[in-house]
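Subject: Structure handover and notes

Dear colleague,

Here is the structure I said I would pass on. My notes on what was found in it follow below.

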Amino acid sequence: SIMAAVYLHGGGGHAPSFEPFIQAVSDGGNIAVILVGDDVNPADYTALLESAGAHPAALHPICIPTGGTLRAADLQAAQPSGVLVGGGETPAYQAALCHDTAWLDYVRERNIPFSGTSAGAAIAAAHAVVGGWRIQAGDRQRQILFQGASEGLDLLDVRPGLDLIPFSVEVHASQFGTLTRLLHAVNLGLTADGWAIDENTMLIVNGPHLRVSGLGQVYHVRRGGQIEVTIYGDGAVISA
């Protein structure tokens, strides 16, 4: 169920790291910028995407309040040639976008390039890691991450995502240390395969091929006989 291309961004405000997505949107077409939460600022995203080469008139923010859901009609009204899902509270994005996915049919049917940054990248997965900073180990709980990166959740939580890609995604990998959460998600069998993406770094998924672009690294976590981690940097091309 992989679409034409999916652009997974690890968060951060370095505009050039968004350029691969902007360039993939055909002929400078409209970009729907989907934001969830009561305190997200569309101007932060439009300024960033303009700096990455998007035309100001082509950017169409769609803001969904916490507790709301994205409707297909809201997306269709923007007539997008590209869709970017922003960042904020990952559980709120999962609730707003991953339960009623009629809007996604519009994207899939037209092979529209999809990008997610931060929370938007995490929910692109089939199995979306939405937060948590501890795991249950027998009769006690163990810390796996600093509490500030917990997304307001206690135990490691993996929920159904958009299923645009066949692996799980962590974001702000080196900055927030979320690689350890992904290691535990794979170790516990909550997902078989995952990629942790640094800020200002894009992992581009195009069919069976993945490409890394940007300032940081990506970490591929998978289960062989034991857990294996491979680190890739800018320019790396990987066959999935």
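A pocket, as the word is used here, is an open set of grid points with protein on both sides within 12 Å along at least five of seven lines, and its lining residues are those with an atom within 4 Å of a point. Please keep in mind that this is a predicted model.

The largest pocket has a volume of about 390 Å³. Its lining is made up of 25 residues, and Tyr-45, Gly-87, Gly-88, Ser-118 and His-172 are the ones that lie nearest the centre. Two elements give two or more residues to this lining, namely helix 2 (42-51) and strand 6 (127-131). Helix 2 provides the largest share, with three residues. By residue class, the lining divides into 10 nonpolar, 11 polar and four charged.

Helix 2

Tyr-45 turns up again among the buried residues of helix 2, together with Thr-46, Leu-48 and Leu-49. These buried residues fall within an arc of 160° when seen down the helix axis, so they line one face of helix 2. Their packing partners are helix 1 (19-24), strand 2, strand 3, strand 4 and strand 5. Just after helix 2 comes Gly-53, with a positive phi of about 115°.

In soluble globular proteins, nonpolar side chains tend to be buried together. Here the largest nonpolar core has 64 residues, and Leu-8, Leu-97 and Trp-103 have the most contacts inside it. Strand 2 (residues 31-36) gives this core its largest share, six residues.

Helix 5

Trp-103 is also one of the buried residues of helix 5 (residues 102-109), the others being Leu-104, Tyr-106 and Val-107. Down the axis of helix 5 they fall within an arc of 150°, so they line one face of the helix. That buried set packs against strand 2, helix 3, strand 4, helix 4 (90-97) and strand 5 (114-117). Helix 5 is followed by Asn-111, which has a positive phi near 55°.

Helix 8

In helix 8 (residues 179-187), the buried residues are Leu-179, Arg-181, Leu-182, Ala-185 and Val-186. They cover an arc of only 155° around the axis, and are therefore on the same side of helix 8. The elements they pack against are strand 6, strand 10 (168-170), helix 7 (173-176), strand 11 (193-197), strand 14 (217-223) and strand 15 (227-233). Gly-189 follows helix 8 and has a positive phi, near 80°.

Ile-64 belongs to strand 3 (residues 59-64). Is Ile-64 buried or exposed? Its relative accessibility is 4%, so Ile-64 counts as buried. Leaving aside neighbours within four places in sequence, Ile-64 is in contact with Ile-34, Leu-35, Val-36, Gly-37, Thr-69, Leu-70, Ala-96 and Leu-97. One of these contacts, Gly-37, is 27 residues from Ile-64 along the chain, with 6.3 Å between the C-alpha atoms.

Glu-228 is in strand 15. With a relative accessible area of 33%, Glu-228 is partly exposed. Its contacts, again leaving aside neighbours within four places in sequence, are His-220, Val-221 and Arg-222. Glu-228 and Asp-193 are 35 residues apart in sequence, and their C-alpha atoms are 10.0 Å apart in space.

Positive phi outside glycine

Two loop residues may be worth a look when you go through the backbone. Gln-79 is not a glycine, yet has a positive phi of about 45°. Gln-79 is found in the loop between helix 3 (72-78) and strand 4 (82-85), and is exposed, with a relative accessible area of 58%. Asp-163, also not a glycine, has a positive phi of about 60°. The loop that holds Asp-163 runs between strand 9 (157-160) and strand 10. At 33% relative accessibility, Asp-163 counts as partly exposed.

Regards

Methods: Residues numbered from 1 in each chain as written. Predicted model: local features only at pLDDT ≥ 70, side-chain atom pairs only at ≥ 80, totals over all residues. Heavy atoms only, no water. 1 Å grid on protein atoms, 1.4 Å probe; cavity = no way out; pocket = protein on both sides within 12 Å on 5 of 7 lines; lining within 4 Å. Points joined across faces, edges and corners; volume = space filled by probe spheres on them. Helix = DSSP H or I, 4+ residues; strand = E, 2+ residues; numbered from the N terminus. Nonpolar A, V, L, I, M, F, W, Y, C, P; charged D, E, K, R; others polar. Buried < 20%, exposed > 50% of the residue type's maximum accessible area, 1.4 Å probe, protein only. Arc of directions from axis to C-beta. Contact = heavy atoms within 4.5 Å. Core = buried A, V, L, I, M, F, W, Y, C linked by side-chain atoms within 4.5 Å.
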